[in-house]
Amino acid sequence: MSYSNKVLDHYENPRNVGKLDDSDANVGTGMVGAPACGDVMRLQIRVNADGVIEDAKFKTYGCGSAIASSSLLTEWVKGRTLDDAAQIRNTEIAQELGLPPVKIHCSVLAEDAIKAAVADVKQKRGLA
Amino acid sequence: MLPIYFDYAATTPVDPRVAKVMMEALTLDGNFGNPASRSHVFGWRAEEAIEQARQHVADLVKCDPREIVWTSGATESDNLAIKGVAHFYQTRGKHIITSKIEHKAVLDSCRQLEREGFEVTWLDPLPNGLITPEAVAAAIRPDTILVSIMHVNNEIGVINDIKAIGAVCREKKVLFHVDAAQSTGKVDIDVEDMNVDLMAFCAHKSYGPKGIGALYVRRKPRVRLEAQMHGGGHERGMRSGTLPTHQIVGMGEAFRIARLEMHEESRRFKALRDRLLDGVKGMEEVYVNGDLEQRVPGNLNISFNYVEGESLIMALKDLAISSGSACTSASLEPSYVLRALGMNDELAHSSLRFSIGRFTTEADIDYAVAKVRDAVSKLRELSPLWDMYKDGVDFSKVKWAAH
């Protein structure tokens, strides 16, 4: 399988790898996937008082496309509002990274991850 | 720069000595004749070369050359053995025994027979990958006509005790077929001593060309087959088709070299394999898949827990290796062999197969060790599962959002 240059770039230089403090009420965590399926993504966002995402971190167990999808997502969500971030669609990720059809599920997982992280922080803040 | 080749279990390069004899059997000034031509010297010379190659194959596995049937490879040999025996002996019974970790050529031939009304027992291997003679004995019924068990497993390299399984089959008067695609030139074979009735071989795992193989078919007591390929009645009617002289002399030369050099080569492979294992086993959560002792020396199948196999292969692009994880579809299926060992899916997804061969050097191994250590460390830094492991999370209690 050959990967696009964008996938290779994110895979070799992943952006925003790391962990945020989940006990912080302004941090939302989305953990999706399962080890048995070969991919698990953990996406975390920290939101400021205005509901804008000011930081995002990820760690991903999965193939290169899964790692690239989550790395790209952390770049995209920074500076967006929660509602805006939850609007990101997997098709945009797949298109940006040039994912082949067999790897579309990686972008779906990334969309699930941001939705889960947004829902988590909203719940913590009593907005959900 | 090309990656370093660590996939000898997938195929081997042709040995230059083999390529030389093959090239001598192609052109007008070479041995190009049709071995079935009886009326001129071109045919006679080709036939002579083929019979000499047949002798080389027979010598490696200790049989009579008249018991060797040329085919296009081990897949065809497995098909011919399994379907050929089943179709010929179906009036005696319609039950076949095999294992869950056979090569696809055996599994799919047996599945086809199931569709035709045969019944197949699929044996589970032990967690170390071996099939016991006791398990085979327990599965034999009055209507069992064939047992098919591989000699060496292609993914994990473990060596079944063919002699013991052969003794069980002989005692119960059931025919015994062995897929030996991965064992020629690696493990001693003696079809007489092992009580084998049929055995499948190919050239390209033993430094011969692709597209040629053979099936051993016992003469005493005689094993009968229904041909799967009909035509000119070549190979005593068991497999029609003009014999490809260049391919056959290539297989013969490859097997001749294997017989002379395999023992010394095995010692060298074992030293290289141990060097590779020593280099990586110091890391945490590293598991060797399959029995380490009863195993061909050139194989190392190893799992790096909490790292996904495909990303690992991507990080190891300078090494030509294969992974037990096939993350190429929406349903991410790990290797059926590793799963049949009872291994959890995470570990199966995290596996790599290194196979060492004739042209592997110590420097190649040292390079691979450094690359693997770097890649595993990098990917574990990226892995949420590694974090959880380090935090002491009990994975069995985590509710995953399976997809």
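**A tour of chains A and B**

Helices α1(A) and α2(A) are roughly perpendicular to each other, because angles of 65 to 115 degrees count as that. Select residues 5-12 and 64-77 of chain A: the two axes come within 8 Å and cross at roughly 80 degrees. Axes are lines fitted to C-alpha atoms, for helices over the stretch in contact, and angles run from 0 to 180 degrees between N-to-C directions. Helices (H or I, at least four residues) and strands (E, at least two) are DSSP runs numbered from the N terminus.

This is a predicted model: local features need pLDDT of at least 70, side-chain atom pairs count only at pLDDT 80 or more, and totals for chains, interfaces and linings use all residues. Residues are numbered from 1 along each chain as its sequence is written, while chains are lettered from A and ligands numbered from 1 in the order in which they are written.

Next, chain B. Find the open sheet of four strands, ordered β9-β10-β15-β12 with antiparallel pairing. Strands pair if DSSP finds at least two bridges between them. Its edges are β9 (286-288) and β12 (322-323) of chain B. Two bridges join β12(B) to β15(B), residues 351-355. Click B:Ser322; B:Arg353 in β15(B) stands opposite. Now show α7 (residues 245-280) of chain B, which packs on the sheet and touches β9, β10 and β15 of that chain.

Last, the interface. Here 26 residues of chain A are in contact with 24 of chain B, meaning C-beta atoms, placed from the backbone, within 7 Å. On the chain A side, β1(A) gives the largest share, four residues.

Notes
Parallel < 35°, antiparallel > 145°, perpendicular 65-115°, else oblique. Contact = placed C-beta atoms within 7 Å.
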